[in-house]
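Dear colleague,

I am passing on the structure below for you to look through, and my notes on it come after.

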Amino acid sequence: MRAPTVPDTAALLTAAAELADRGSAAIPDAGLGRLRVGVDLGTASCVLVVLAVDEDGADVPVWVRSHPSGALRDGVVVDFAKATSAVRRLKEAAEEGLGVELGSAATAYPPCIPVKDARACTYVCESAGFDEVTLVDEVSAAQRTLEVVDGVVVDVGGGSTGVGVFRGGELVALDDRAGGGHHLDLMLAGALGIPLEDAEPYKRTHPRETFPLLVPGLQRIAENVRALTVGDEELPLHLAGGALMIAGAGDVLAEYLEREVVTYPHALLITPIGIARSVA
């Protein structure tokens with residue numbers, strides 16, 4: 001069973017996506033106020049989100065921008081200098097666009113990677129110029145956007161699939177498995193005989209042609225979710241991450257697992273927004 005999108009979350013994600021498309025700052029009439037910055041060090045690109053907290057305590061996206069990185073593999077920083085350069089460039093652009101200095105931020109790591117690898121994400125942001133950096137796992141960050149009470153948050157990134165089980169709004173289980181958007185691109189490149197770097201754009205521009213080729217990869221992701229949620233099969237799955245922003249992906253998981261699946265527009269922004277919301 002496929003469930004509808006949650007309206008309030010959809011509005012937030014749509015506002016952030018529209019801001020990213022415009023490529024400019026959005027300053028509320030009352031001014032920026034308190035700002036919260038999130039840095040998502042993705043496998044293919046780095047995303048920086050700035051949220052302004054309005055007088056009612058609601059988060060308003062005021063800056064969203066991404067920059068190609070390729071400095072991470074399976075959630076681990078493999079090119080520190082390249083990652084730092086991407087974050088610094090995004091930070092400086094946001095500061096120029098908003099007319100403020102950004103001193104603190106939050107960043108995230110995939111669940112279950114070694115502590116030293118998780119800390120590397122913090123060091124990247126510090127080297128890029130942030131004085132204070134909050135570190136959170138990616139699934140918990142996604143939850144801060146989705147605010148799931150009873151359900152499973154599935155964050156599918158470029159290299160891995162993170163799964164968090166929430167009951168009563170509390171995280172009761174957290175794990176991840178290898179397999180994500182990069183693996184889907186590998187399958188597609190092999191099937192079509194095209195360079196790996198061309199797989200992602202080809203997938204976006206030829207959805208009908210490529211979707212059948214991706215179904216086995218989506219089912220593999222579904223099997224990972226099944227293995228990580230034994231005993232929690234009655235809970236709905238909430239999909240986050242850009243890797244499953246493929247028309248029909250939610251239906252594949254719902255049919256394969258015979259479970260309720262909730263999808264969101266602009267799902268690649270769920271985790272970056274949640275990372276920003278992790279700043280106190």
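What follows covers the overall fold and then the salt bridges.

This is a predicted model, in which local features need pLDDT of at least 70 and side-chain atom pairs count only at pLDDT 80 or more, while totals for chains, interfaces and linings use all residues. Residues are numbered from 1 along each chain as its sequence is written, and side-chain values use heavy atoms, with hydrogens and water left out.

The protein chain has nine helices and 13 strands, these being DSSP runs (H or I, at least four residues, for helices; E, at least two, for strands) numbered from the N terminus. Of its 280 residues, 50% are buried, where buried means under 20% relative accessible area, exposed over 50%, and partly exposed in between (1.4 Å probe, protein chains only).

The structure holds ten salt bridges, each defined as a side-chain nitrogen of Lys or Arg within 4 Å of a carboxyl oxygen of Asp or Glu. One of them joins Arg-277 and Asp-59 at 2.8 Å, N to O; because Arg-277 lies in helix H9 (residues 270–277) and Asp-59 in strand E4 (residues 59–68), this pair ties together parts that are 218 residues apart in sequence. Both Arg-277 and Asp-59 are buried.

Another salt bridge links Lys-91 and Glu-95 at 2.7 Å, N to O, and these two residues, both in helix H2 (residues 80–98), are four residues apart, about one turn of the helix. Lys-91 and Glu-95 are likewise both buried.

Best regards
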